[in-house]
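This briefing goes through one protein model, topic by topic. Please keep the sequence and the structure open while reading.

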Amino acid sequence: MTAPGGKRPARPRASLLYGALAIAGGLVLAESLFLPWYSLNLTVGGVDAASTHSAWQVMSVMDLLLLLTALAAIAGGAVVARRGELQAIPLAAGAAAVVLSVLGLVDLPESDLAAAPGDTASVGREAGPFVALVGSAGILFAGFAAMRRRAPGRGPARGSAGFGGDVVTRPDSR
């Protein structure tokens with residue numbers, strides 16, 4: 001859509017900021033899936049062993065859902081930044097990502113190791129789920145802030161014509 005005079009209308013800076021924040025949050029969330037999420041510490045026969053595991057190694061479905069929400073946030077953020085519309089996509093992706101990140105943080109996997117008397121096995125949290133939660137919160141904030149700019153009753157965002165349509169004016173009835 002071009003404005004009179006052949007120039008494109010200026011995109012509000014807030015849409016650009018919220019879109020960029022949603023994209024950054026999506027990238028952080030996607031990157032967090034490769035970080036260590038859980039640690040396994042074993043003591044067997046007096047010998048200690050430890051290992052860390054990423055989301056890809058431990059989860060079966062939730063890692064794919066987190067990746068899909070990250071991709072949706074990146075795509076939705078690009079649309080918000082470029083066109084200033086479809087703010088519901090980062091909002092929904094952020095809400096889903098926060099719920100999934102909290103589940104990954106709270107629900108520790110089982111060690112599945114049968115320990116003999118005197119042997120121990122413990123599972124702990126690493127940085128991955130915390131980084132995922134920060135990225136998810138960034139996506140959710142970006143979606144919420146972008147939607148708030150276009151809240152019902154407040155009219156279209158400054159510099160836009162509404163929900164993708166042109167401004168329609170009625171001729172005077174004189």
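This is a predicted model: local features need pLDDT of at least 70, side-chain atom pairs count only at pLDDT 80 or more; totals for chains, interfaces and linings use all residues.

Leaving aside its neighbours within four places in sequence, which residues is Leu21 in contact with? They are Gly138, Phe141 and Ala142.

**Overall make-up**

- The protein has five helices and three strands.
- Along the sequence these elements follow the pattern α-β-β-α-α-α-β-α.
- Of the 174 residues in the protein, 32% are buried.
- The accessible surface comes to about 10700 Å², and carbon and sulfur atoms account for 64% of that area.
- Among contacts with a separation of 6 or more, 68% are between residues 24 or more positions apart.

**Strands and their pairing**

- Strand 1 and strand 2 (residues 47-54) run antiparallel and are joined by eight bridges.
- These two strands form a hairpin with two residues between them.
- Gly45 lies in the turn of this hairpin and has a positive phi of about 60°.
- Val44 stands opposite Val47 of strand 2, and Thr43 stands opposite Asp48, also in strand 2.
- Strand 1 also pairs with strand 3, in the antiparallel sense, over six bridges.
- Within strand 3, Gly124 is the bridge partner of Ser39.
- In a regular strand, side chains alternate between the two faces of the sheet.

**Nonpolar cores**

- The largest nonpolar core contains 16 residues.
- Leu29, Trp37, Met59 and Leu66 have the most contacts inside this core.
- Two or more residues of the core come from each of helix 1 (13-32), strand 1 (36-44), helix 3, helix 4 (88-106) and helix 5 (128-149).
- Helix 3 gives the largest share, four residues.
- A second, separate core has five residues, among them Ala14, Tyr18, Val80 and Ala145.
- Met59, from the largest core, is in contact with Trp37 and Tyr38 when its neighbours within four places in sequence are left aside.

**Surface patch**

- A nonpolar patch on the surface is formed by Val61, Leu65, Leu68 and Leu71.
- Together these four residues have about 370 Å² of accessible area.
- Val61 is in the loop between helix 2 (55-58) and helix 3 (62-83).

**Helix 1 and helix 5: Leu21 and Ala142**

- Leu21 is in helix 1, and Ala142 is in helix 5.
- Leu21 has a relative accessible area of 30% and is therefore partly exposed.
- Ala142 counts as buried because its relative accessibility is 2%.
- Besides Leu21, Ala142 is in contact with Tyr18 and Ala22, leaving aside its neighbours within four places in sequence.
- The C-alpha atoms of Leu21 and Leu140 are separated by 9.6 Å, although the two residues are 119 residues apart along the chain.
- Ala142 and Pro90 are 52 residues apart along the chain, and their C-alpha atoms are separated by 6.9 Å.

**Ser32**

- Ser32 belongs to helix 1.
- Is Ser32 buried or exposed? Its relative accessibility is 0%, so Ser32 counts as buried.
- Leaving aside its neighbours within four places in sequence, Ser32 is in contact with Trp37, Gly128, Val131 and Ala132.

**Glu126**

- Glu126 is in the loop between strand 3 (120-125) and helix 5.
- Its relative accessibility is 27%, so Glu126 counts as partly exposed.
- Not counting residues up to four places away in sequence, Glu126 touches Pro36, Trp37, Tyr38, Ser39 and Thr52.
- Glu126 and Pro36 are 90 residues apart in sequence, while their C-alpha atoms are 5.8 Å apart in space.

Conventions: Residues are numbered from 1 along each chain as its sequence is written. Side-chain values use heavy atoms; hydrogens and water are left out. Patches are made of residues with over 30% relative accessible area and no salt bridge: like charges are joined within 9 Å, nonpolar side chains (Val, Leu, Ile, Met, Phe, Trp, Tyr) within 5 Å. Accessible areas come from the Shrake-Rupley method with a 1.4 Å probe; for residues, only the protein chains shown count as cover. A salt bridge is a side-chain nitrogen of Lys or Arg within 4 Å of a carboxyl oxygen of Asp or Glu. A nonpolar core is a set of buried Ala, Val, Leu, Ile, Met, Phe, Trp, Tyr and Cys residues joined through side-chain atoms within 4.5 Å. Buried means under 20% relative accessible area, exposed over 50%, partly exposed in between (1.4 Å probe, protein chains only). Contact means heavy atoms within 4.5 Å. Two strands pair if DSSP finds at least two bridges between them.
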